[in-house]
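This report goes through a protein model in steps, from the meeting of its chains to the inside of one chain. Keep the sequence and the structure in view while reading.

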There are 2 protein chains.
Amino acid sequence: MNYPNGIKKKNLNIASTPISYKNRGMNLEDELNKSNEYYREIDKAYIYKKPTPIKITKVDYPSRDKAVIKEAFFTIPSTTDYNGLYKGYYIDFEAKESKSSTSFTLSNIHPHQIKHLQNIARHKGISFLIIRFTTLNKTYLLTTEKLNLFLENADRKSIPIEYFKENAYLIKDGYNPRIDYLKIVDKLIGGKK
Amino acid sequence: MNYPNGIKKKNLNIASTPISYKNRGMNLEDELNKSNEYYREIDKAYIYKKPTPIKITKVDYPSRDKAVIKEAFFTIPSTTDYNGLYKGYYIDFEAKESKSSTSFTLSNIHPHQIKHLQNIARHKGISFLIIRFTTLNKTYLLTTEKLNLFLENADRKSIPIEYFKENAYLIKDGYNPRIDYLKIVDKLIGGKK
């Protein structure tokens, strides 16, 4: 097999790390995408991850109907990553993994994303955070209401794990869907009625 | 500046076309974005255009915290361009311009986007098309219900303008918002109660 610029396969393997999905545990995003796919397959909910927002600065047209983006930059998202529809309710959430076993650092979420979650909650949507503590292997759903409660009463820049234990919903691991967060949403809807 | 594979900057500039937005009249997308921005400013609704879906195949990291996308491709969107929340309702729509003055060609919308609109309508969301006939300077809102009615009863690959006149809502041009489509949505909500 030939590689560009005379790089030999051996060297290439040393220099660059090919992305391997083998033997890799699914991360939170993968599992949420799979779960949402499952919800759509069984016609339960239509919730999607939004595309990554980028700013395109250069596009090539090697042929009439084909465009290749040659330069683009990642931009800060103005909203959350996931939204959609469930039982007539507008659903909106952001999902993050935390390596810490003691707290979730709030700077992991952009301030305007928090503002967005608050706007949604105020306009009768259902908005929340899904936070996975990877070292603890625990995934929590924290409603915007409980997030607000924390923000109003604490000066801290991170939410301690104890706050999750007391105020968030623990999402049990499953097989299909892996993350059955709509079970929790059902409880939230129940509380609304 | 060095480019990979010995490509010189001069050649690169000739090959690619920078995107210019100067001197361009506002198109339907611009006007919808402005209208949605206005709705957010007055805290009326939170409806956003989704980022363009792309597949990223090459990323450079010139510095530790900066990433530059060097190769990416546009991909077919799995959903519609716009969605969000209004008065507790999930709103979802696709917007298209048509140069024809006699009909709207259905191939302008991907079949899975039509399927998506139907899924949303079935799950108690509010979904529709916004179609602007640019030569007529008329913008219509066609509900998914009326779109379905057309699809069920017609073999045609395009929706004639007469169908819009009889079955869609004409959206009057305004100043701010330019396209006050939520006025029509209010009627749809009214009809649901």
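## Where the chains pair

In which sense do E3(A) and strand E3 (residues 66–74) of chain B pair, and over how many bridges? The two strands pair in the antiparallel sense, and four bridges join them. The model is predicted, which should be kept in mind throughout.

Individual residues can be followed across this pairing. Ile69(A) stands opposite Ala72(B) in E3(B), and Ala72(A) has Ile69(B) in E3(B) as its bridge partner. Val68(A) is bridged to Phe73(B), again in E3(B).

## How the two copies are related

Do the copies meet through the same surface or through different ones? Of the interface residues of chain A, 84% are also interface residues in chain B, so the copies meet through the same surface.

## The side of chain A that touches chain B

In the contact between the chains, 31 residues of chain A meet 32 residues of chain B. Five elements of chain A each supply at least two residues to the touching side: strand E1 (45–49), strand E2 (54–63), strand E3 (66–74), strand E4 (82–86) and helix H3 (111–122). The most comes from E3(A), which gives eight residues.

Sorted by class, this side of chain A holds 17 nonpolar, eight polar and six charged residues.

## The hairpins beside the pairing

Within chain A, E3(A) also pairs with E2(A), in the antiparallel sense and over seven bridges. A hairpin of two residues joins E2(A) to E3(A). One bridge of this pairing links Asp60(A) to Val68(A) in E3(A).

In chain B, strand E2 (residues 54–63) and E3(B) run antiparallel and are joined by seven bridges. Two residues form the hairpin between E2(B) and E3(B). Here Lys58(B) stands opposite Glu71(B) in E3(B).

## The six-strand sheet of chain A

Chain A has six helices and ten strands in its secondary structure. Six of the strands form an open sheet in the order E1-E4-E5-E7-E8-E10 (chain A), and the pairing is mixed. E1 and strand E10 (169–171) of chain A are at the edges with a single partner strand each, so one side of each has no neighbour in the sheet. From one strand to the next, the twist averages 25°.

At one end of the order, strand E8 (residues 138–143) of chain A pairs with E10(A) in the antiparallel sense over three bridges. In this pairing Thr139(A) stands opposite Ile171(A) in E10(A). Helix H2 (residues 28–41) of chain A packs on the sheet and touches E1, E4, strand E5 (89–98) and strand E7 (126–133) of chain A. The direction of H2(A) makes about 150° with that of E1(A). H3(A) also packs on the sheet, where it touches E5 and E7 of chain A, and its direction makes about 150° with that of E5(A).

Of the 193 residues of chain A, 30% count as buried. In soluble globular proteins, nonpolar side chains tend to be buried together. The largest nonpolar core here has 73 residues, and Ile91(A), Leu141(A), Leu142(A), Ile91(B), Leu141(B) and Leu142(B) are those with the most contacts inside it. Beyond its neighbours within four places in sequence, Ile91(B) is in contact with residues including Ile47(B), Leu85(B), Ile126(B) and Val185(B). Among the contacts in chain A with a separation of 6 or more, 60% are between residues 24 or more positions apart.

Where does Ser100(A) lie? Ser100(A) is in the loop between E5 and strand E6 (103–105) of chain A. Ser100(A) has 14 other C-beta atoms within 10 Å, so this residue is partly exposed. The C-alpha atoms of Ser100(A) and Lys187(A) are separated by 28 Å, and the two residues are 87 apart along the chain.

Notes:
Residues numbered from 1 in each chain as written. Chains lettered and ligands numbered in written order. Predicted model: local features only at pLDDT ≥ 70, side-chain atom pairs only at ≥ 80, totals over all residues. Contact = placed C-beta atoms within 7 Å. Nonpolar A, V, L, I, M, F, W, Y, C, P; charged D, E, K, R; others polar. Pairing = 2+ DSSP bridges. Buried ≥ 20, exposed ≤ 12 C-beta atoms within 10 Å, placed from the backbone. Core = buried A, V, L, I, M, F, W, Y, C linked by C-beta atoms within 7 Å. Axes fitted to C-alpha atoms, helices over the stretch in contact; angles between N-to-C directions.
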